Amino acid sequence: MKLNRIAVAAALTVTLGANAHAAGQLVVGFAQVGSESGWRAAETKTAKIRATQNNIDLKISDAQQKQENEIKAARSFIAQGVDGIFIAPVVATGWDGVLREAKEANIPVFLLDRQIETSDPSLYTAAVTSDTILEGHMIGDYLAGLTHDKCRIVELQGTVGSSPAINRKKGFEEAIAAHPDMKIVRSQSGDFTRSGGKQVMESFIKAENNGHDICAVFAHNDDMGIGAIQAIKEAGLKPGKDILVVSIDGVPDMFKAMADGDANGTVELSPDMAGPAMKALIALKTDKTQPAKWIKTPSTLFTPATAQAEYDRRKSMY
Ligand code: GZL
């Protein structure tokens, strides 16, 4: 009898592949950007919940927003022989080398929340992201409506070289190009952080007649928008009125700011990027189902009209 059990366990291990635990649990390595924003923290929290729900052993590394740390983490996951690798690529370029190593090790790679530029898209299995060009377009169109197509705008860009920063800028500029009296007069990166957004907004205010010449700030994420709100208040101006505030992510603090009259709009970004990737990995591993190359998450505009109710609903999610 004992011999049979050993034979079955051995067969199970061989069937599931050397990487899986005896219980058939998949092991996934997640090279996470860091913890630069409220949204990023929510993405990590959601990934852990989805891992438990999907019986996945998820190993998360925090790269502190450095690409070399993400690449090191990916190499470590390859050495461990994990069943899948998730990467939230802090910047869009410089990934082909490590992706080639993962491919040679026959480990599927999923990109989460950011895209990459690569000469060979077969180097990754799928990307789970929003349409970041659409996000920029949506918030640009919304601001045009708020300002009757006339506004001197300052822009807080995300991390230099990241796909959301490149694409949100592109989408926003496309939207306002239709309105000659809407102009971006200053634009600089706040690196997706509250402190970065605050510091850059302080410099914009100083440069623009103590903020009196600024109609609106477009922040590539809510955390920089919240930093800008602090800078606007410290300059003695009213955010949401003297200077309009629009951004992207949909974190609870931005809904709170809108409910308090300090901000004017945000486009929601789902923090659940790991869930769809896990489902696709499981399907790939169990019946070789190839996922779509781009698994797109929805983008929804939220305004002060529903902010309090949305804040009450979301504050426990983050
Ligand atoms: C966008 C995501 C961005 C968020 C920021 O898909 O990569 O990174 O908008 C985060 O909050 O820093």
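Is Phe-110 buried or exposed? Phe-110 is buried, with a relative accessible area of 0%; buried here means under 20%, exposed over 50% and partly exposed in between, using a 1.4 Å probe and protein chains only.

Before going on, note that this is a predicted model, in which local features need pLDDT of at least 70 and side-chain atom pairs count only at pLDDT 80 or more, while totals for chains, interfaces and linings use all residues. Residues are numbered from 1 along each chain as its sequence is written, and side-chain values use heavy atoms, with hydrogens and water left out.

**Aromatic pairs**

Rings of Phe, Tyr and Trp (its six-membered ring) pair if their centres lie within 6.5 Å; planes under 30 degrees apart count as stacked, over 60 as edge-to-face and the rest as tilted.

| Pair | Centre distance | Plane angle | Class |
|---|---|---|---|
| Phe-86 and Phe-110 | 5.8 Å | 75 degrees | edge-to-face |
| Phe-255 and Phe-302 | 5.3 Å | 75 degrees | edge-to-face |

Phe-86 in strand S3 (residues 84–87) and Phe-110 in strand S4 (residues 109–112) are 24 residues apart, so their pair links distant parts of the chain. Helices (H or I, at least four residues) and strands (E, at least two) are DSSP runs, numbered from the N terminus. Phe-86 is also buried, at a relative accessible area of 0%. Ring pairs join Phe-30, Phe-86 and Phe-110 in a cluster.

In the other tabulated pair, Phe-255 belongs to helix H9 and Phe-302 to strand S12, 47 residues apart. Both Phe-255 and Phe-302 are buried.

**The sheet around S12**

Strand S12 is part of an open, mixed sheet of six strands in the order S7-S6-S8-S9-S10-S12, where two strands pair if DSSP finds at least two bridges between them. S7 (182–189) and S12 (299–302) are the edge strands with a single partner each, so one side of each has no neighbour in the sheet. S12 runs antiparallel to S10 (residues 265–269), with four bridges joining them, and Leu-269 stands opposite Ser-299 in S12.

Helix H9 (residues 252–259) lies across S9 (244–249), S10 and S12, at about 160 degrees to S10. Contact means heavy atoms within 4.5 Å; axes are lines fitted to C-alpha atoms, for helices over the stretch in contact, and angles run from 0 to 180 degrees between N-to-C directions.

**Charges over rings**

Lys-293 lies over the face of Tyr-124, 4.4 Å from the ring centre, and the charged end of Lys-296 sits over the ring of Trp-294, 4.8 Å from its centre. The rule requires NZ of Lys or CZ of Arg within 6 Å of the ring centre and within 35 degrees of the ring normal.
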